[in-house]
Amino acid sequence: RSERVGYLQCLHQARAANIPLLKSFIIVRLYKDVPKKIPSKDVPKKKNELAQLAYDLRTKKVLVNRPDALPNNVTSPTETSAQMIPHSSGEIISLIEAETPSEWLNNVGWRKAVSRVMKGVKNVEYEEDVPPELMKDATAVYNILQSRFSEHFVRTGCEEKENHWTFQWAKRNLAPVIAAQALFEHLKKSVHREATSRSTCLLAHPNATMHGGIFCDAREEDNKSLEGNYLYYDVVNYKWIRSGKACGTNACFGNRDNQHQKCSLEPSKRTESFYKKYPDNSVETLIQQGKFQQLEQKCGLAFRRDDVAEIVTTTGFIILDWDPDVMEMLQKRVNAQRSLEEVQLDMASYQFEFVYQLCIGEANNVSESPCFEALAHTYS
């Protein structure tokens, strides 16, 4: 087992340049004399196909006579590349191109990494296989959010931002976040059996009902200092109404909750409808749906700033897919006040907020936030 994990981690360390590495692994096993132009029928371009071919060739010996004669765009074979293919083709494909929540959930190493780094959640351990029903629910939510993705920009009036690099990255990372939601039992049970609309809430209720899930109280002392994604639940009307983000200097769940409470005292001075729909007990508004005091603040996906290795890493068992192009864009936002890790944590927090917002559904969601405001300039 430890040997297999070593193989998988080795593969992840080559993730940023995995195409040249895979090409190298294949080419040195196909040719004694490498041609100047390698036929695409021999060496495909897509990562999935390269990975599968590399796995098929894993037992073949290196044939190439002169490694120094390899084309410039192909990495020379090394001891690492010769050992990079694990014993299970299913695992190599899922780690390179995990496209659905099920593929992420099926990976034991990924589940352990998520469980270790995420705070404000009650871990549910699956030593063996993840229950089929949970996998089906995660897949159903993933399919629903694919369609809600475009609808989100119409609802928030930001249609021109749908193709912005931040939201395209967000769309590519829907699957791992949904897998984490499923792992921590934040998704409604048996959602794959239900007919849903754009208004259907896909999150479990935070209580012991048939559709109950496990949500930790963000107002507990130990959770007030957490960052990431928090949620508000209306305990009178039994519905989720808002997804929020807290990340950065002096930004944590406790501080954001205090800020929201203060704003609810003077909703007329605020542009956000959240405070008009849920004002303080001492205030009345024309469109109020309840009072701020009837809202419980819950933890979504949260972290502690001093323990975030699995969230920001681009190697090992990654939680989010930080592809090279996105890392290049984030690097441009690094300055004397913000490190690359801090920019990544901001991006991750936006992603958690975004996915939970899509899950709440159109009818109950009182937030008008397009999300990724600071990165995509989507201020409403």
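# Exercises on burial and salt bridges

Of the 380 residues of the protein chain, 53% count as buried (under 20% relative accessible area, with exposed meaning over 50% and partly exposed in between; 1.4 Å probe, protein chains only). This is a predicted model, in which local features need pLDDT of at least 70 and side-chain atom pairs count only at pLDDT 80 or more, while totals for chains, interfaces and linings use all residues. Residues are numbered from 1 along each chain as its sequence is written, and side-chain values use heavy atoms, with hydrogens and water left out.

## Exercise 1

Task: state how many helices and strands the protein chain has.

Solution. Helices (H or I, at least four residues) and strands (E, at least two) are DSSP runs, numbered from the N terminus. By this rule the protein chain has 16 helices and three strands.

## Exercise 2

Task: describe the salt bridge between Asp307 and Lys119, and explain which parts the pair ties together.

Solution. 

Step 1. A salt bridge requires a side-chain nitrogen of Lys or Arg within 4 Å of a carboxyl oxygen of Asp or Glu. For Asp307 and Lys119, the closest N and O atoms are 3.2 Å apart.

Step 2. Asp307 belongs to the loop between strand E3 (295-303) and helix H13 (309-312), and Lys119 to the loop between helix H7 (108-117) and helix H8 (132-155); the pair therefore ties together parts that are 188 residues apart in sequence.

Step 3. Lys119 counts as buried because its relative accessibility is 19%, whereas Asp307, at 22%, is partly exposed.

Step 4. The two residues also belong to a network of salt bridges that links Arg116, Lys119, Asp307 and Glu310.

## Exercise 3

Task: locate the salt bridge partners Glu133 and Lys136, and determine whether each is buried or partly exposed.

Solution. 

Step 1. The closest N and O atoms of Glu133 and Lys136 are 3.8 Å apart.

Step 2. Both residues lie in helix H8, three residues apart, which is about one turn of the helix.

Step 3. Glu133 has a relative accessibility of 33% and so counts as partly exposed. Lys136, with a relative accessible area of 44%, is also partly exposed.

## Exercise 4

Solution. 

Step 1. Glu185 is partly exposed at 21%, and Lys189 is partly exposed at 33%.
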